[in-house]
Amino acid sequence: MIKMNVVIEAINLTKYYGNFPAVRGVTFSVNEGEVFGFLGPNGAGKTTTIRMLTGVLKPTSGQVRVLGYDMTREPEKLKARQRMGIVPEMANPYIDLTAMQNLKLMGELYGLPKWEIEKRSIELLKLFELYEKRNIKVRGFSKGMRQRLVLAMAMIADPELYFLDEPTSGLDVISARIIKDIIRDEKKAGKTIFLTTHNMNDANELCERIGIIRKGKLVAIDTPEGLKRLTKEHLSVEVSLKPMMFDPSVLSSALRVERLGDKVKIYTNDPDKTVKEIVEYAKERKLKIVSIRTLSPSLEDVFVEIIGGKND
Ligand SMILES: Nc1ncnc2c1ncn2[C@@H]1O[C@H](COP(=O)(O)OP(=O)(O)O)[C@@H](O)[C@H]1O
Ligand SMILES: [Mg+2]
């Protein structure tokens, strides 16, 4: 058996703001080389957890060890931080500095030699498609460009472990894709990544394991496929008809019908029967089937089932 190297370990991690419990007895560990996704609705406690894991916030109780260091202890946690890249929620580079100057400043904070800062900054600016803009003050950057720069800054010292708090949230498509591709490359290079996100597709594509947090409590933790197996009745058939006339009441196999743009999604326990019913329905009414496909439960289905509308 291969022995896994535990990189992040949280035991009974708890944080009260006054008498409000934001994080309640969260226990989990993350192994070396793993991308661990931390999912939960707004206010669930994701950022509070990340702040405790990175030593920014002291837990009310519980333990947190990262790279073998106790993150609640002053001299120790600084050693761990030297080996981490952190992208806090809604982080901002210095707007009066250029992209290049921000990277250099970060390199100095990590104590890197000048030549290395120079070399690494150029590599990263190119990687994040910011090289042409390297001498422009960040004040003139779009949100997506700023976020790319923040991630580049977190990568300056080539850290072995990343904490990324909603790195692609609210970004333009191109910036989000650049960031996602780079996260994927860092994972391939064997880095450990702790990622919070709202985006189910991102989590599904990037993460080896996912923890779901609700009202400060960890309510599920598994691989994306393992989580999907938790739900039973989420097979569905997605169909687009032309013209888009659809009366769900004629399908005896439909459990629930959702309209999605120019398609309908029909939840069913018997996709075979549903497909046959749709084909029959279209034939009778002389409708063209533009597309039809059977879908397995998505991570979003699982998430909705676990979280429901019950986060209040
Ligand atoms: N500094 C603070 N003081 C008081 N309450 C806070 C503070 N920071 C966060 N909270 C509350 O703690 C809960 C968890 O917040 P947070 O960790 O930011 O959640 P998430 O990142 O999952 O959206 C929320 O209800 C939030 O309002
Ligand atoms: Mg947050």
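Biologist: Leaving aside neighbours within four places in sequence, what is leucine 103 in contact with?

Modeller: Bear in mind that this is a predicted model. With those neighbours set aside, leucine 103 contacts Ile117, Ser121, Leu124, Leu125, Leu149, Ala152, Met153 and Ile156.

Biologist: And which residues touch the most other members in the largest nonpolar core?

Modeller: Leu103 is among them, along with Phe128, Leu149, Leu164, Ile210 and Ile212. That core has 47 residues.

Biologist: Which element gives the most to this core?

Modeller: That's α5, which puts in seven residues. There's also another core lying apart from it, with 25 residues, including Ala10, Phe38, Met52 and Phe163.

Biologist: OK, staying with α5. How do the axes of α5 and α6 cross?

Modeller: They come within 9 Å and cross at roughly 15°. Since the cut-off for roughly parallel is under 35 degrees, α5 counts as roughly parallel to α6 because of that angle. The crossing of the two helices is left-handed.

Biologist: Which residues make the contact?

Modeller: From α5 you have Gly144, Met145, Gln147, Arg148 and Leu151. From α6 there are Ser175, Ile178 and Ile179. Sorted by class, the α5 contact with α6 has four nonpolar, three polar and one charged residues.

Biologist: Why does arginine 184 count as partly exposed?

Modeller: Because its relative accessibility is 25%, and buried would need under 20% while exposed would need over 50%.

Biologist: What does arginine 184 touch, not counting residues up to four places away in sequence?

Modeller: Glu205 and Leu206.

Biologist: Changing topic: which residues of α10 are buried?

Modeller: Helix α10 covers residues 299-307, and Leu299, Asp301, Val302, Phe303 and Ile307 are buried there.

Biologist: Last one. What follows α10?

Modeller: Glycine 308 does, and its phi is positive, near 55°.

Definitions and conventions. Residues are numbered from 1 along each chain as its sequence is written. Chains are lettered from A and ligands numbered from 1 in the order in which they are written. This is a predicted model: local features need pLDDT of at least 70, side-chain atom pairs count only at pLDDT 80 or more; totals for chains, interfaces and linings use all residues. Side-chain values use heavy atoms; hydrogens and water are left out. Buried means under 20% relative accessible area, exposed over 50%, partly exposed in between (1.4 Å probe, protein chains only). Contact means heavy atoms within 4.5 Å. Axes are lines fitted to C-alpha atoms, for helices over the stretch in contact, and angles run from 0 to 180 degrees between N-to-C directions. Helices (H or I, at least four residues) and strands (E, at least two) are DSSP runs, numbered from the N terminus. Angles under 35 degrees count as roughly parallel, over 145 as roughly antiparallel, 65 to 115 as roughly perpendicular and the rest as oblique. A crossing is left-handed if the near helix is turned anticlockwise from the far one by less than a right angle, and right-handed if clockwise. Ala, Val, Leu, Ile, Met, Phe, Trp, Tyr, Cys and Pro count as nonpolar, Asp, Glu, Lys and Arg as charged, and the others, Gly among them, as polar. A nonpolar core is a set of buried Ala, Val, Leu, Ile, Met, Phe, Trp, Tyr and Cys residues joined through side-chain atoms within 4.5 Å.
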